[in-house]
Structures are given as C-alpha cells and as structure tokens.
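Me: I would like to go through this model step by step, asking at each point what a given description rests on. Please set each value against its criterion before drawing a conclusion.

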Amino acid sequence: MATPELRQLRYFLVLAEELSFTRAAARLMIAQQSLSQQITALERALGAKLFDRDSRGTTLTDIGALFVPEARAVTDRAEQAVAVVEQALRGEVGTLRLAFLTTVANHLLPPVVRAARQHLPDLHLATESTSIATLVQGVLDGRFDVAFTRTPLVPGLESRRLTTEPVCAVLPEGHPLAGRDELTLADLADEPWVMTPRSSWEPWHRAYEDQFREAGFVPTVVQEEAGVQSLLGLVAAGLGVTRLACSAASLRRTGVVFVPLTGAYAYTEMVWLAGNTAPVLHRFLDVVTELAATTDLTSTG
C-alpha cells in the first residue's frame, strides 16, 4: 500500500465535507478533473473505495467515513508541525539554558523569567546560579546559552549592558565612617579589607588593583572569602571593610552599612557566545533588553 500525499488527504477532507466534486473543486481552486484524478489516486493508493458516485450525487462509503477522522488527524498534525517551525524561526519556541552570577540572581532572575514567560510562553528556560568562572566557561563551551554577570569579562563573548549601579563601601555597624553620605576609595586606605580571592576571577582583581592604585594605596587584606554572603558576614563581625554593588544590600539587612563610593559603578551584562545566531536566543535577548529599558533591575525580585 502506497503512502498518501498530504495534498490528497486535504482534497479528500474537502470533498467529504462538500459531497460535491463541483463545490469541492471550487473551494480548492482547482479543476474538477484534477480533483477527481487525485481522489482516484488516493483510493488506488489505499486499495479502498472512499466515495460512491452516481446520478444522485457523491456520498462517503463506510470506509470513507472511517477514514475522515484519521485523515484529519494527519493534516492537523502536519499543520502543527509547520506552526512549530514557524515559531522556531520567529524565536518563540525552544530551550535556553541561563546562568546567573550568584550576586545578581537575587534581583535579576525573577523579572527575567517573568518577562520570558509573558512574551515567550512556549520557551523553556533552565536556570542556574553559579560563580563567575563557571559561568564564563559554561558560555564559552556551550553549556549555557545566556548568562547574566558583572564586568569585566573575556574575549569570545558578545554582551549587552543591562544595568549600571553605584558601588558601595560596606562597613560594620558603628564604624566611624558609617554615617557618611558618600565616601571615596581613598577614605578606606587605612582600613583592613576582606575580599574575594584573586583566583575567583582574575579580570575583576586586575580592575580592583587599578582602582586602588588610582586611590593611592594597596589594601591590607586580612581575610579572603569567595562568596558575597561570607564577605558580608565578616564585615558584620568587624574583621574589615569591603566594596560591593549597592544592590548587595538586599542580601544582609543587619550588622553592615552600605555607603556609596564616589564615581564607582558596577555593570551587569547579558552575555552569549559570539557568533550564535539562533533565532530563539536573539528573540530572548530582545525581550530582556526591553525589560531592562523599562524596569529597575537592581531592585530585589
């Protein structure tokens, strides 16, 4: 038994509805002879008679009536398959793996996922919160499609800036400078510092060194911790001071004071592998870019 063509199934269904070769041919905008030839070819392929034709008109045979829902299921499924391809070409369907730097996940992940669900309901998102080194390597080796992180980064990535926010000095409660409205980095030259280890992300520490050099001092680092929560805990315990994006204040409400640093800013970037032209990626990038233009993404959730 030969496999029917989709065109033949569509012709069959229209004829089954109209029960008239004249009306069906007009609806399909083909010649009546062509319709008759295609129906005959379909019956030959199936090895079964689907219509009775006589002087009184055209009627479905019992087999033809049974074939109607089956043929409709096939044509409906074909239309669904085409619709999925069209959605994919528009970037509306698929899967994206997102990575969020741990320190930005708290305020970025909720609005980003909400916006994607609103504008791209058929897009599946897998999310992960991770360290900067794992995040960058994951984008470079294809484990993550999009990442949300702080600058500076490394070559091989494309990016869009989403947020610019002030950097704060983080001081223990009761510190002599805690009541100031603003500080300079040089104001903290004689303070003990707690910082992330250089191994956590070399580009960050090169930038820090440049900034400390411009401020005229090399910080006395008394302890290193990789996580922001740990740094905040050490500051609250009175071991030293540190500097963080001011949005990190949402991570700890007691024991520390955030004071803006003059002229210091932190930038959040949306990054992806250079050369990735997947429609679903770029549709998602546009949705998040629009979100960033209309929403304060430095506030919690």
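Reply: To begin with confidence, this is a predicted model, in which the protein chain has a mean pLDDT of 91 and 97% of its residues reach 70 or more. Among the elements of the chain, helix 4 (residues 62-89) has the lowest mean pLDDT, 85, whereas strand 7 (residues 192-195) has the highest, 97.

Me: What makes strand 1 and strand 2 a pair?

Reply: The criterion is at least two bridges between two strands, and strand 1 (residues 51-54) and strand 2 (residues 57-60) share four bridges in the antiparallel sense, so by that criterion they pair. One of the positions involved is R53, whose bridge partner in strand 2 is T58, and a hairpin of two residues joins strand 1 to strand 2.

Me: How do you know that strand 6 and strand 10 are paired, and in which sense do they run?

Reply: Against a threshold of at least two bridges, strand 6 (residues 157-172) and strand 10 (residues 256-273) are joined by 14 bridges and run antiparallel, with S159 standing opposite V271 in strand 10.

Me: Why are strand 4 and strand 9 called edge strands?

Reply: The open sheet has six strands in the order 4-3-5-10-6-9, with mixed pairing. Strand 4 (123-130) and strand 9 (242-245) each pair on one side only, and they are therefore its edge strands. Neighbouring strands of this sheet are turned by 25 degrees against each other on average, direction ignored.

Me: Which strands does helix 5 lie across?

Reply: Helix 5 (residues 102-119) lies across strand 3 (94-101), strand 4, strand 5 (146-150), strand 6 and strand 10. Its angle to strand 3 is about 155 degrees, and since angles over 145 count as roughly antiparallel, helix 5 and strand 3 can be described in that way.

Me: What makes up the contact of helix 5 with helix 9?

Reply: From helix 5, P111, V112, A115, A116 and H119 meet F284, V287, V288 and L291 in helix 9. The residues of this contact divide into eight nonpolar, one polar and no charged.

Conventions. Residues numbered from 1 in each chain as written. Predicted model: local features only at pLDDT ≥ 70, side-chain atom pairs only at ≥ 80, totals over all residues. Heavy atoms only, no water. Axes fitted to C-alpha atoms, helices over the stretch in contact; angles between N-to-C directions. Contact = heavy atoms within 4.5 Å. Nonpolar A, V, L, I, M, F, W, Y, C, P; charged D, E, K, R; others polar. pLDDT = per-residue confidence, 0-100.
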